[in-house]
Amino acid sequence: MRYRPILLFLLILLCFTTALGQEPTDETEGPPDTVVVDSSLLPAPVTNLQARDTEDDNGHSVTLTWDVSTDDGSGRDDVYMYMIYRSMSPEGPFDSVGVAMKGATEHVNSSSKDRAQPDFMPDHTDYYYQVGAVTVGGLITRSDVAGPVQSYGQFFNMGRIPVFVFVVVFCALVVFFVASARKGADLYVRPLAGIEAVDDAIGRATEMGRPILYVLGLGTAEMVATIASFTILGRVAKRVAEYQTKLIVPCYESIVMAVAQEVVKSAYADAGRPDDYDEDSVFFVTSLQFAYVAAVNGIMLRELPATNVYMGKFFAESLLLAETGSIAGSIQIAGTDEIAQIPFFIVACDYTLIGEELYAASAYLGREPILLGSLKAQDLAKAAVVIIALAGLIATTFGWPGFAEALHVEN
Amino acid sequence: MKRQIPVLLVFAFGVFTLFQFFVPHESSEWVYEFLLDWILIIGVFAMAVGIWSLFRVSVEKIKTRKSGWGYSYITLGSLIAMMVFGFTVRNGEAWGWFFAFVAAIVLAVFLVIQAVIDRGKAYLFAGLAGLCVAAAVVMAALDPAWSIHFQTAEGLQSTMFRAVFDYTLIPIFATMFSLLAFFIASAAYRAFRARNLMATLLLLAALIVMSRFNPFLQPILGEYVAKTSNWLMNVPNMAAQRAIIMGVGLGIAATALKVVLGIERGYMGKG
């Protein structure tokens, strides 16, 4: 019994040294290491494996490139995929972090930037990579280790240089034309029938003693179409205040409602009739699409507005609204930048602002030189886009890829 | 200051968002996501403003006995009932006094509205509303079949809330959406009347495209119609769509720029 502690110690020591002597196994590798295979059946490894930080990103990503195995597409042609392995040490252990298809020569190993996620990949840390060529039979041959490589985020996306140049040029054009307009340059803007009809429609509503229904659409307040619609609403509300007609603005979103209330209130004040402003004329209905349609359609059929104005973002509800308005006998003016909804509005409404006309309408209504200046810049930018498209067509037709490559936007 | 501070804020955040598009670094992304979170936060508070607006407008309709004022009671009743459903959880299989509790809460709100409208009997209605609330409190305290929860670990657990959504709202939405089929038919009839050359061309194009998707006509008309239809969709239609997209893109950029630079201030009630 005296020797029991010594025996116990020796037993523990034996277990410990036995465990130390074991080779670590890699469960992600597929076939167990203990399986003995004929080495002549193993595929040729990929060669020239290179690892570099992925460009123009926020970090947490490494790009690998390699030359395919000689058994991929040639030789025994039994490679059907590549497994990507990553480790923080050149000696391993390597974990499987992705796969690439047969014939691939590049793989982007992107991981989470969220520390709480299991696949979080910290930046500015050394990583080592291997690529394993996998045969149909599950045999794997790993490449040499590539690395160390560190991932990190860039401060400028070089792939977006063409966009940056275009933005700078466009901003310069807008500023130039606005400055020209301020100096008194005469800027011609073609008439927009839909906008010219607004005044007539408001007059008609006044004569009939019926209200005007203004629908801002389903867009949220941060959408540019909704912002453009606010401006048009301001103009319409001002005219409505002057004619002393009733305005109804049912809103789909509460922030939109709050902004619209402020816009209408200011318009009434500008028209010199602040006391006529009714806060309940701009109200929230619901944030559910078809419930909103039901509510607005109900208003159309109960109140029988003389004019319905639809400006902003519209989706599947566009035709439901416009057809009901048509049945109610209202004059209808619509404007949206949603391409799929434009045909519906064209069919069911009397006047439709197509696409960019929605954005031009605010400037056109105000006839303010600084707003008209931006329209001129838009026109020039469009002309530039058409010229560049034609130049690209010619360059591609004659086999000059440099032109298209220079304007190519990466991501 | 009332005008300048919003313009300054719009300028600062607008310029940041513009440059954020070109700066992929994590720090820039973090600020961008932080700003997006603020939109959600503001949206939640604005929802309260929206509900208050709906409440006011509905009460006003009841007060003035406007056309369809009865529906306002349904709107307000549904609003209150769904709120109550959202904050309650059934503890077992039985409902107990749950529906009496909901009815008491809804009735209390209606009586408060009546008290606001009918000032002469305001005390009577307010007293009755107080009784309803007291009854609701007693039911909530004593009935073990259900309980009030503002949050559960499993999220929304209200059987009634889900049931109303799944078996009432969704079928109603489907009904509304299905109306679109009939509206498309009537709109198409108006659009395809061959009044002039352009309308006739539109009609012909539409007939070709529609016959392409008709299972009975396609075998008779053969591949040629299918090819013509594909050409119409992929060439003239696509060209027009891309032209509109291009114009919309530039229009959005120009409007955004005007907003950022403070030229366009329509959203503040100043054009």
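1. Among contacts in chain A between residues at least 6 apart in sequence, 68% join residues at least 24 apart; two residues are in contact if their C-beta atoms, placed from the backbone, lie within 7 Å. This is a predicted model, in which local features need pLDDT of at least 70, side-chain atom pairs count only at pLDDT 80 or more, and totals for chains, interfaces and linings use all residues. Residues are numbered from 1 along each chain as its sequence is written, and chains are lettered from A in the order in which they are written.

2. Chain A holds 11 helices and 14 strands (DSSP runs numbered from the N terminus: helices are H or I, at least four residues; strands are E, at least two). Of its 411 residues, 42% count as buried, that is, with 20 or more other C-beta atoms within 10 Å of their own, C-beta atoms being placed from the backbone.

3. The contact between the chains takes 66 residues from chain A and 55 residues from chain B. On the chain B side, helices H2 (26-64), H6 (159-191) and H9 (223-260) each give two or more residues. H9(B) gives the most, with 16 residues.

4. Within chain B, the axes of helix H3 (residues 70-86) and H6(B) come within 7 Å and cross at roughly 130° (axes are lines fitted to C-alpha atoms over the stretch in contact; angles run from 0 to 180 degrees between N-to-C directions). H3(B) and H6(B) are therefore oblique to each other, the class left after under 35 degrees (roughly parallel), over 145 (roughly antiparallel) and 65 to 115 (roughly perpendicular). B:Met82, B:Phe85 and B:Gly86 of H3(B) make the contact with B:Met160, B:Phe161 and B:Val164 of H6(B).

Note on methods:
A residue is buried if 20 or more other C-beta atoms lie within 10 Å of its own, exposed if 12 or fewer, and partly exposed in between; C-beta atoms are placed from the backbone.
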